[in-house]
Amino acid sequence: MKAPNSEQKKLLDLQQSDSGIDRLRHRERNLPEDHALTEANAERDAITRRLATEVGAVEDAQADLARLESDAATVAARMQRDEQRLQQTSSVKDVAALEAELDSLRKRTSALEEQQLEVMQAVEDATVVADSTRAESSAISDRISEITAQRQSSLDAIAAEMGTLNGARTALAQSLDTALLEIYEKQRAKTGIGAALFRAGTCGGCTMTLTGQDLADVRAAAIDDVVRCPECNCIVVRTEESGLW
């Protein structure tokens, strides 16, 4: 196939646009923010699970405290009843029994008060731990919001660059000979490189240096011949930089 050398040179600009678009797509698929979000979300999930356990510990301690308070209230009511009965009875036997029971209830009250103090401390300690984890949860949520905003900013910047390159690419493609563009597109679909500069005996597509008959064939080709690299098959575009004329 033949095409004016000026048309073939346009392929280099087209390839530059396509390579730029490919790089942008790669950036879009491999944003550092995506990795950061994955790590931050995993950290938040771990914190959420830990917080659930810690809140459960607070609730268990509070339930223990409520049970002890209920037991203490029951004992206090029983003591009040026994003291009233003690004041009302004249039976020596009843007095002895009531005093013995009151003594037992006082010991029970003392034990319950000690247990309440211990459990109140447990509630306080567990609450401090849970509150600390809540602070961690809030901090990681803020971090996730920040990363998400950064990610969107990166995507917006990529979209803007992509729009510019796509516009330039469309204009170039429309200005090219249809048959030449078709060859370029078919090759680019295979390897990502449809055309490359030929310079110092080297194909810019596969970076292979041609020697012997392969190099002689490129040198002998007419200026309007569409030459393909014998190694990667991309169109090798010959310009003044090629050192062939």
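View 1. Not counting residues up to four places away in sequence, L98 touches D82, R85, L86 and T89, where contact means heavy atoms within 4.5 Å. L98 is found in helix 3; helices (H or I, at least four residues) and strands (E, at least two) are DSSP runs numbered from the N terminus. With a relative accessibility of 5%, L98 counts as buried, given that buried means under 20% relative accessible area, exposed over 50% and partly exposed in between (1.4 Å probe, protein chains only). The C-alpha atoms of L98 and D82, which are 16 residues apart along the chain, are separated by 6.2 Å. The model is predicted, with pLDDT of at least 70 needed for local features and 80 or more for side-chain atom pairs, whereas totals for chains, interfaces and linings use all residues. Residues are numbered from 1 along each chain as its sequence is written, and side-chain values use heavy atoms, with hydrogens and water left out.

**View 2. Crossing of helix 2 and helix 3.** The axes of helix 2 (residues 32–88) and helix 3 come within 6 Å and cross at roughly 165°. Helix 2 is therefore roughly antiparallel to helix 3; angles under 35 degrees count as roughly parallel, over 145 as roughly antiparallel, 65 to 115 as roughly perpendicular and the rest as oblique. Axes are lines fitted to C-alpha atoms, for helices over the stretch in contact, and angles run from 0 to 180 degrees between N-to-C directions. The crossing of helix 2 and helix 3 is left-handed, a term for a near helix turned anticlockwise from the far one by less than a right angle, with right-handed used if clockwise. The residues of this contact divide into 30 nonpolar, 12 polar and 21 charged. In this division Ala, Val, Leu, Ile, Met, Phe, Trp, Tyr, Cys and Pro count as nonpolar, Asp, Glu, Lys and Arg as charged, and the others, Gly among them, as polar.

**View 3. Packing of helix 1 against helix 3.** Helix 1 (residues 5–29) and helix 3 (residues 92–175) have axes that come within 9 Å and cross at roughly 160°. The two helices are therefore roughly antiparallel to each other, and helix 1 passes helix 3 in a left-handed crossing. Residues making the contact include L14, I21 and L24 of helix 1 and L155, I158, L165 and L172 of helix 3. By class, the contact of helix 1 with helix 3 comprises 10 nonpolar, 4 polar and 9 charged residues.

**View 4. Helix 1 beside helix 4.** The axes of helix 1 and helix 4 come within 11 Å and cross at roughly 35°. Helix 1 passes helix 4 in a right-handed crossing. From helix 1, the contact is made by E7, Q8, L11, L14, Q15, D18 and D22, and from helix 4 by L180, L181, Y184 and R188. The contact of helix 1 with helix 4 has 5 nonpolar, 2 polar and 4 charged residues.

**View 5. The largest nonpolar core and the contacts of Y184.** A nonpolar core is a set of buried Ala, Val, Leu, Ile, Met, Phe, Trp, Tyr and Cys residues joined through side-chain atoms within 4.5 Å. The largest core has 14 residues, of which L11, L14, L180, Y184 and I235 touch the most other members. At least two residues of this core are supplied by each of helix 1, helix 3, helix 4 (178–191) and strand 3 (235–238). Helix 4 gives the largest share, 4 residues. Leaving aside neighbours within four places in sequence, Y184 is in contact with L11, L14, Q15, D18, R169, G194, A195 and I235. Another core, of 12 residues, lies apart from the largest one and has F198, C232, C234 and V236 among its members.

View 6. Most residues other than glycine have a negative phi. T207, a residue other than glycine, has a positive phi near 60°. T207 lies in the loop between strand 2 (202–203) and helix 5 (212–220) and is exposed, with a relative accessible area of 58%. Phi of N233 is also positive, near 75°. N233 is found in the loop between helix 5 and strand 3 and counts as partly exposed at 34% relative accessibility.
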